[in-house]
Amino acid sequence: MREHGRESYAVLVLGPSLGAGDLAALCARVDEARSDLSAGGDLVVLCDVGALTRPDLAGLDVLARLRLHTSRAGGTLRLWRAGPHLRLLLELTGLRSVLPSHPGDSADEFGLLAPHEHGGQAEQREQPLGVEEVVDPGDPSG
């Protein structure tokens with residue numbers, strides 16, 4: 001466990017798959033990190049989910065239950081390196097705000113994880129244009 005200010009970070013590396021059988025061991029690691037925490041410190045459980053190859057609803061259920069367990073233990077859970085499939089699944093299920101990503105999606109500033117390559121810059125998008133509907137007088141309505 002690493003400390004940064006008042007926050008103490010516990011890093012859980014998950015993957016390549018995640019199922020209900022993994023929950024007990026993950027909760028035990030959260031409890032262990034909580035017991036190692038000094039009085040007055042804030043526990044942040046940082047889940048490195050970059051290795052999850054095929055995130056599914058069962059894995060999302062484990063993450064949601066782990067977040068609940070972490071919250072009951074007095075900590076917060078953040079996802080790190082969530083891939084596009086997991087981010088889409090979080091968005092579609094409405095769990096994006098329940099399972100937030102680490103700010104900036106990078107933990108390097110704390111020296112917690114091994115260095116990794118960052119992706120390119122975001123693509124600049126064009127402004128949406130207005131849509132004009134043309135009505136043909138010969139078209140039947142409805």
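R65 is partly exposed, at 47% relative accessible area (buried means under 20%, exposed over 50%, partly exposed in between, with a 1.4 Å probe and protein chains only). Its side chain meets that of D61 in a salt bridge, 3.0 Å from N to O (a side-chain nitrogen of Lys or Arg within 4 Å of a carboxyl oxygen of Asp or Glu). The structure holds three salt bridges.

This is a predicted model: local features need pLDDT of at least 70, side-chain atom pairs count only at pLDDT 80 or more, and totals for chains, interfaces and linings use all residues. Residues are numbered from 1 along each chain as its sequence is written, and side-chain values use heavy atoms, leaving out hydrogens and water.

**Within helix α2**
- D61 and R65 both sit in helix α2 (residues 57-72); helices are DSSP runs of H or I with at least four residues, strands are E runs of at least two, and both are numbered from the N terminus.
- Four residues separate D61 and R65, about one turn of the helix.
- D61 is partly exposed, at 36% relative accessibility.

- D48 pairs with R81 in a salt bridge, with the closest N and O atoms 3.0 Å apart.
- The two are 33 residues apart: D48 lies in strand β3 (residues 42-48), R81 in the loop between β4 (75-80) and α3 (84-93).
- D48 is buried, at 7% relative accessible area.
- R81 is partly exposed, at 32%.

**R96 and E91**
- R96 forms a salt bridge with E91, the closest N and O atoms being 3.2 Å apart.
- R96 is exposed at 54% relative accessible area, while E91 is partly exposed at 43%.
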